[in-house]
Amino acid sequence: MKLMGISRLHELARRARDGLDGAVPALVSELEAGSWRSMAEIAQFYPSAVIDGIKVRIPLNGGYRVDLLADCEAQMVLIEYAGATSGARTTGKAGSKVT
């Protein structure tokens with residue numbers, strides 16, 4: 001899939017350093033190599049992810065998470081947020097949560 005917003009992941013890797021122990025480069029590789037045709041396929045690949053429509057929240061170790069939008073038809077992923085689990089979403093209405 002085409003990956004957009006990758007700078008957010010690179011920034012997370014820089015800030016978290018050893019706290020993620022290689023999880024960010026692995027996630028980047030998985031997302032770029034992915035060719036999922038449906039959100040159900042993404043859910044199977046990331047069983048701990050929370051999916052709501054095209055929104056995907058992937059929890060990472062150390063209290064971090066990645067929020068992304070996935071368009072399986074266009075084969076594109078947009079990284080919306082990469083940071084602390086307690087962090088607010090960077091887009092959307094204030095107080096909205098992915099369920």
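I take two strands as paired if DSSP finds at least two bridges between them. I number helices (H or I, at least four residues) and strands (E, at least two), which are DSSP runs, from the N terminus.

I note that this is a predicted model, in which local features need pLDDT of at least 70, side-chain atom pairs count only at pLDDT 80 or more, and totals for chains, interfaces and linings use all residues. Residues are numbered from 1 along each chain as its sequence is written, and side-chain values use heavy atoms, without hydrogens and water.

Entry: the sheet. I looked up Arg65 and found Gly83 of β5 opposite Arg65. Strands β4 (residues 64-71) and β5 (residues 76-84) are antiparallel partners over 8 bridges. I traced an open sheet of 5 strands with mixed pairing, in the order β1-β5-β4-β3-β2. Each edge strand, β1 (2-4) and β2 (50-52), has a single partner, so one side of each lacks a neighbour in the sheet. From one strand to the next, the twist averages 25°.

Entry: the helices. I record that helix α1 (residues 6-16) packs on the sheet and touches β1, β3, β4 and β5, contact being heavy atoms within 4.5 Å. The direction of α1 makes about 25° with that of β5. Helix α2 (residues 23-33) lies across β1, β3, β4 and β5 and runs at about 130° to β1. Axes are lines fitted to C-alpha atoms, for helices over the stretch in contact, with angles from 0 to 180 degrees between N-to-C directions.

Entry: Arg57. I located Arg57 in strand β3 (residues 55-60). Arg57 is buried, at a relative accessible area of 17%; buried means under 20% (1.4 Å probe, protein chains only).

Methods. Buried < 20%, exposed > 50% of the residue type's maximum accessible area, 1.4 Å probe, protein only.
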